[in-house]
Amino acid sequence: MVFNNFEFKLDFSRLSVETLSSNFLTLPVALESCVDNFDTSVAASVLYGTESWTPRVEEFRTLESTRRSMLRRIVGVKRKPDETWIEWIKRSTHAALKYASEAGVRRWEEFHYERKWLWAGHVAR
């Protein structure tokens, strides 16, 4: 049951990123602002309510893969004509993670554990 909710949240967040990225790609907005907006809106919607469940390694892997895919889409690195698919994925992921770290975007796994400990402290009080 939890995994179905997890998949629903990922699908919903993918739609959110499509909307955000289409708006960001057509408007003259700074890339750091786009990545920061991604962190505040999409991460919050994906990780809403995750304090109460313990994800498996597979789910964390899926979260990180989805996050990187979304960041690549927002950063918008174009594929070169002579570039292979693997080379483009590596180059665009590197660029996306660079912009994300410069904007202070945390990995979703870290964000999850922070929220889980805050929730545990609240429950313990």
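A residue is called buried here when its relative accessible area is under 20%, and exposed when that area is over 50%. The model under discussion is predicted. At 17% relative accessibility, Arg 72 therefore counts as buried.

The chain as a whole may be considered before its parts. Its secondary structure comprises five helices and zero strands, so that, read from the N terminus, the order of elements is α-α-α-α-α. The chain has 125 residues, of which 35% count as buried. Among contacts between residues at least 6 apart in sequence, 80% join residues that are at least 24 apart.

Helix H3 spans residues 57-75. It has 19 residues, and the distance from its first C-alpha to its last is 27 Å, close to the 27 Å expected at 1.5 Å a residue. Its buried residues are Glu 59, Phe 60, Leu 63, Glu 64, Thr 66, Arg 67, Met 70, Leu 71, Arg 72, Ile 74 and Val 75. The list thus includes charged side chains, among them Glu 59, Glu 64 and Arg 67. After H3 comes Gly 76, with a positive phi near 75 degrees.

What does Arg 72 touch beyond the residues up to four places away in sequence? Its partners are Val 77, Ile 89, Ser 92, Thr 93 and Ala 96. In the case of Ala 96, a separation of 24 residues in sequence corresponds to 5.4 Å in space, C-alpha to C-alpha.

H4 has 19 residues and reaches 27 Å between its first and last C-alpha atoms, close to the expected 27 Å at 1.5 Å a residue. Within H4, the buried residues are Trp 88, Ser 92, Thr 93, Ala 95, Ala 96 and Ala 100. Viewed down the axis of H4, these buried residues fall within an arc of 165 degrees, so they line one face of the helix. Ile 86, Lys 90, His 94 and Ser 101 are exposed on the other side of H4. Just after H4, Gly 104 adopts a positive phi of about 85 degrees.

On the H3 side, the contact involves Arg 67, Arg 68, Leu 71, Arg 72 and Val 75, which meet Ile 89, Ser 92, Thr 93, Ala 96, Leu 97, Tyr 99 and Ala 100 of H4. By residue class, this contact consists of seven nonpolar, two polar and three charged residues.

H3 also packs against helix H5, residues 108-124, with axes that come within 9 Å and cross at roughly 125 degrees. H3 is therefore oblique to H5. Phe 60, Leu 63, Arg 67 and Met 70 of H3 make this contact with Trp 108, Glu 109, His 112 and Tyr 113 of H5. Five of the residues in the contact of H3 with H5 are nonpolar, one is polar and two are charged. Arg 67 of H3 takes part in the contact with H4 and in the contact with H5.

H5 itself has 17 residues, which should span 24 Å at 1.5 Å a residue; its end C-alpha atoms are 24 Å apart, in agreement with that value. Trp 108, Phe 111, His 112 and Arg 115 are buried in H5. Seen down the axis of H5, the buried residues fall within an arc of 100 degrees, so they line one face of the helix. The face turned away from that buried side carries the exposed residues Trp 117 and Ala 124.

Notes
Residues numbered from 1 in each chain as written. Predicted model: local features only at pLDDT ≥ 70, side-chain atom pairs only at ≥ 80, totals over all residues. Heavy atoms only, no water. Axes fitted to C-alpha atoms, helices over the stretch in contact; angles between N-to-C directions. Helix = DSSP H or I, 4+ residues; strand = E, 2+ residues; numbered from the N terminus. Contact = heavy atoms within 4.5 Å. Parallel < 35°, antiparallel > 145°, perpendicular 65-115°, else oblique. Expected span 1.5 Å × (residues − 1). Buried < 20%, exposed > 50% of the residue type's maximum accessible area, 1.4 Å probe, protein only. Arc of directions from axis to C-beta.
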